Each structure stands twice: as structure tokens, then as C-alpha cells.
Amino acid sequence: MTLEGKVVLVTGGARRIGRSIALALAAEGAKVAIHYGCSEAEARQTADECGGAPLFRANLESIPEIRAMFDQVATHFGTLDALVNNAARFTQFDPLTIEEADWDHIHSVNLKATFFCAQAAARIMLSREGGHIVNISSLGGLRPWARHAHYCASKAGVIMLTKALAKAWAPHIAVNSVAPGVIPFDKSDARIERLIKATPARREGTGEEVAEAVLFFLKSTRFTTGQLVAVDGGLSQL
Ligand SMILES: NC(=O)c1ccc[n+]([C@@H]2O[C@H](COP(=O)([O-])OP(=O)(O)OC[C@H]3O[C@@H](n4cnc5c(N)ncnc54)[C@H](OP(=O)(O)O)[C@@H]3O)[C@@H](O)[C@H]2O)c1
């Protein structure tokens, strides 16, 4: 299947992995819609490099803002063929000290917004020719990390959400997940170094490698659904 001319919305598409996904989609000829929250300058840069892609701002903690964004995308393009649910948050807490607000900070975006973006996308797709959704989960949704229990739970939720929505919306919408391993963009620290050392591939991954897996799902027929690909150098196999 070709992505030429397909309309694909990437949440958190301004920077880091989301930017790599947006650029890879544009290189395949897709019409990319780039969502951003705060990173307007980076979003403009990515949009320029995607050949003048339109930008859509929304605070994903707000369901009305999510719904307004999908209305804007549908109005702009007249359709939506695919959604890449990439936006997320990452924090570290001792589970004994985490407070309700810290928990909600993660779950409101990682799990709740992922669901409501998928719902808004599905409402458009089901009124047309169907489509594809790829949810970016995490190695942390597959393996337990003691100081990231709240984050791991949110990403394990994304993995189960992927399977449940694949069942709910088959055969019209394929819903799959990509679980990145260690994909650093900032200065390295002891935790990252430890994880890289434990990775069978003996190196970190790149945004381009995550994008490769996203493209695999988006270019597949909808017969491939409810599946997960870990882009983690084999780390989840240990
Ligand atoms: N990097 C890794 O090593 C790694 C490993 C495993 C999984 N992942 C997953 O891969 C995906 C991308 O990760 P990343 O490290 O590239 O980026 P990231 O820093 O985790 O976040 C991606 C984007 O999410 C957006 N976002 C967060 N909260 C938002 C909100 N309330 N409203 C609107 N936008 C919001 C931000 O957009 P703005 O900047 O525009 O506000 C941010 O740039 C995430 O799902 C992450 O969990 C990453």
C-alpha cells in the first residue's frame, strides 16, 4: 500500500520521535498534519521540512481541544486516513511518594488523550473509508521499571487499548502499536547508559527506526491489526 496523498495526523509531531515520523511520512508522499502543544517554533520547522504541512495546536489534556483539533483536520483535508498517537509525558517517582496530581499528569496524556484522539479519529474514519491508527507505547509498557510504575501502567494501558480498539473497529480501522526502547535525544545519564549496555543490539535506537515501524503498519492492509512491534534492539526479550 502506498502512503502517497494519504492524510496522516501525528500528535506531538514537532520534535524528537514525532518529528522523525512526520518527516518519514512526508518522504513517502503523505499529507502530514502536525499537532503540537508548546513547541511552536520546532513545529514550524518540521512543517517546513514536510513541504509546508499544516499545524494544529491542542492541549491534549482537554477533550474539547482534542475534538476541535480533529474537526479542524477534517475541515482542512476533507478526510483523515491515519492517526499516529505519539504525544506523551515521562516522569520518574518513587511509588511511595507519588501524589494524585503526578499520576494524573501522566495518565491524562499517555492513556486518556491517546484514547480520545483514537475515538475522534475513528469517528471520522468510520464515516468514510476506514483507516489506520498507530499508538506509540513503550518498552516501559512491556517491562516493569520500579521508579516509573505510573508511566509503565499508562503504556501497558496503551498496549491493551490498542488490542481492544483493534477488535472494536475491525475490519474498518487497523489499530497497532510501536513500542520504542531507548531512543535518547538529550544528554545521556546513568540510567540510559545502563539500558544501552543491557540492549542486545549494544546501541541506542533512533527516531528514524521508530518511524520505520510506524510506516510498516501504515503501509500494511487492515488485516494486520491489534499488533505490537518493539523497536528496542531486543531489550524487551531479556
Ligand atoms: N524517547 C524515548 O526513549 C522513548 C522510549 C519509549 C517510548 N517513547 C514514546 O515515544 C513517543 C515520543 O517520545 P519522545 O521522547 O520523542 O517525545 P516526548 O518528549 O515524550 O513527547 C512528545 C510530545 O508530546 C507532546 N505533549 C505532551 N503532553 C502534551 C499535552 N498535554 N498537549 C499537547 N502535546 C503534548 C509534546 O509536544 P510539545 O513539545 O509541542 O508540547 C512533546 O513534544 C512517546 O509516546 C513516548 O512515550 C519514547
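Arg202 sits in the loop between α6 and α7 (207–219), and that's where we'll start in this predicted model.

- Arg202 isn't a glycine, yet its phi is positive, at about 60 degrees.
- You'll find Arg16 in helix α1. With 18 other C-beta atoms within 10 Å, Arg16 is partly exposed.
- Ala170 and Pro171 are linked by a cis peptide bond, with omega at about 0 degrees. Pro171 belongs to the loop between α5 (149–169) and β6.

**Around the ligand**
- The shell holds 26 residues, and the ones that come nearest the ligand are Gly12, Arg16, Ile17, Gly37 and Ala88.
- Helix α1 (residues 16–27) supplies the largest share of that shell, with 3 residues.
- Sorted by class, the shell has 15 nonpolar residues, 7 polar ones and 4 charged ones.

- Look for Ile183 in the loop between β6 (173–180) and α6 (190–198).
- Is Ile183 buried, exposed or partly exposed? Its count is 19 other C-beta atoms within 10 Å, so Ile183 is partly exposed; being buried takes 20 or more.
- Setting aside neighbours within four places in sequence, Ile183 is in contact with Ile17, Glu204, Gly205, Thr206, Gly207 and Val210.
- Ile183 and Glu209 are 26 residues apart in sequence, with their C-alpha atoms 9.3 Å apart in space.

**Helices α3 and α4**
- The axes of α3 (residues 63–77) and α4 (residues 100–126) come within 10 Å and cross at roughly 35 degrees. The crossing of α3 past α4 is right-handed.
- On the α3 side, the contact uses Ile63, Ile66, Arg67, Phe70 and Ala74; on the α4 side, Ala113, Phe116, Cys117, Ala120, Ala121 and Ile124.
- That contact has 10 nonpolar residues and 1 charged residue, with no polar ones.

**The largest nonpolar core**
- This core has 72 residues, and the members touching the most others are Val8, Ile21, Ala22, Val32, Ile34, Ala121 and Val214. Helix α4 gives the core its largest share, 10 residues.
- Leaving out neighbours within four places in sequence, Ala22 is in contact with Val10, Gly13, Val32, Ile34, Thr46, Cys50 and Ala53.

Methods
Residues numbered from 1 in each chain as written. Predicted model: local features only at pLDDT ≥ 70, side-chain atom pairs only at ≥ 80, totals over all residues. Near = placed C-beta within 6 Å. Helix = DSSP H or I, 4+ residues; strand = E, 2+ residues; numbered from the N terminus. Nonpolar A, V, L, I, M, F, W, Y, C, P; charged D, E, K, R; others polar. Axes fitted to C-alpha atoms, helices over the stretch in contact; angles between N-to-C directions. Left-handed = near helix turned anticlockwise from the far one by under 90°. Contact = placed C-beta atoms within 7 Å. Core = buried A, V, L, I, M, F, W, Y, C linked by C-beta atoms within 7 Å. Buried ≥ 20, exposed ≤ 12 C-beta atoms within 10 Å, placed from the backbone.
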